[in-house]
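This report is meant for a reader meeting the structure for the first time. The sequence and the model are shown next.

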Amino acid sequence: MIPHAGSQDPHFEAALRELELPALSRLLGLLAPLPDDVGGHAGDGDDQAPLTPHELYLARRRGIADDRPPIAAWQVRDAGQAPGDAAWALLTPVHFAVGTDGVTAMDPSTLDLTESESRAFFDALTASLFPAGEGWRGAWLSTAAWAVAHESLDGLEAASIDRVLNRGVETWMPQARRLRTLLNEMQMLLHDHPLNQARESRGLRPLNAVWISGCGRDRGTALPADLNVDERLRAPMLAGDLYAWSEAWKALDHGPVAQALRLAQDGAPLALTLSGERLARTWERRAPGGWQRLKERFAPTHVAVATALEAL
């Protein structure tokens, strides 16, 4: 499964014209698309849906059919902590940059947070806004991911951090008053906080906002053991660096995609899922008969990669 394989970026089409992915082209020629795409609220290719198609696809593989999977609780579990029956929310530390066109959420990597800084910021937030005495739980997951739990978070809809980064935040602000209140309270606490004052004195960006997403109680099953998710396109795509994205695609084509192609040519059953901003589409290989394998060897089919990726 390859997330961020396509984009609605206005420069995406030009990048595709220069992108050659021979292994992917040949592989898609051996596979057949499945009829059920994943995307939007009803598989309709909605690039304004709160969750990305690949997040919805992975939720389906966990047995969750609705559009509010508990992504925060899953990340807590993946970090080796027990989510229990609590309603969790994922907190992503970011920098809100104010410009003439509005407010843009900058990637957490641009903050260059150390582990000690990240833990100190998280401790400051939990002490003031998420106290255990009021029923809150907290879990530090990584420098760029934290989580909190409270009954009031259950069932609240929020846009994925992948929808927000390097974009105007106004479009993606949560509708739930509870989440908007928490966003504002965290911004106010971080404004001129001594931790940020120390960062700015060193010429670093302040951590002036925290995005909330992935609300819900732990449910569903583990992902299939044979599902491989390759995330290498995420960072360049979210940064809007289409050159780096193209180079990452070429590395994928020479590596995992070429390996999948060899398996498919040997007749092994496999599936490939590509996800963009609108859709996650799956192609599947079924064991071919002798005549089909002979035909594939001497008259191979190639699929236009640009057409396949633009549809995502």
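## Basis

This is a predicted model, in which local features need pLDDT of at least 70 and side-chain atom pairs count only at pLDDT 80 or more, while totals for chains, interfaces and linings use all residues. Residues are numbered from 1 along each chain as its sequence is written, and side-chain values use heavy atoms, with hydrogens and water left out.

Helices (H or I, at least four residues) and strands (E, at least two) are DSSP runs, numbered from the N terminus.

## Nonpolar cores

A nonpolar core is a set of buried Ala, Val, Leu, Ile, Met, Phe, Trp, Tyr and Cys residues joined through side-chain atoms within 4.5 Å. Buried means under 20% relative accessible area, exposed over 50%, and partly exposed in between (1.4 Å probe, protein chains only).

The largest nonpolar core has 42 residues, and Leu91, Phe130, Trp146, Leu153, Met186, Trp211 and Ile212 have the most contacts inside it. At least two residues of this core come from each of E2, strand E3 (102-106), H5, E5, H6, helix H7 (177-190) and strand E6 (209-217). H7 gives the largest share, six residues. Another core, of 33 residues, lies apart from this one and includes Ala15, Ala260, Leu272 and Leu274.

Contact means heavy atoms within 4.5 Å. Not counting residues up to four places away in sequence, Phe130 touches Leu91, Leu125, Trp136, Val148, Leu182 and Met186.

## Helices H5 and H8

Helix H5 (residues 115-129) packs with helix H8 (residues 194-201) at an angle of about 150 degrees, and their axes are 10 Å apart. Axes are lines fitted to C-alpha atoms, for helices over the stretch in contact, and angles run from 0 to 180 degrees between N-to-C directions. H5 is therefore roughly antiparallel to H8 (angles over 145 degrees).

On H5 the contact is made by Glu117, Ala120, Phe121 and Ala124, and on H8 by Leu195, Asn196 and Arg199.

Thr92 is in strand E2 (residues 87-99) and counts as buried because its relative accessibility is 4%. Beyond neighbours within four places in sequence, Thr92 is in contact with Pro108, Ala144, Ile161, Ala209, Val210 and Trp211.

Ser160 is in the loop between strand E5 (145-149) and helix H6 (161-164). Ser160 has 2% relative accessibility, so this residue counts as buried. Its side chain reaches the backbone nitrogen of Asp162 at 3.0 Å. Leaving aside neighbours within four places in sequence, Ser160 is in contact with Pro50, Leu51, Thr52, Glu55, Trp211 and Ser213.

Notes
Polar contact = N/O pair within 3.5 Å; in protein donor to acceptor, adjacent residues only side chain to side chain. Parallel < 35°, antiparallel > 145°, perpendicular 65-115°, else oblique.
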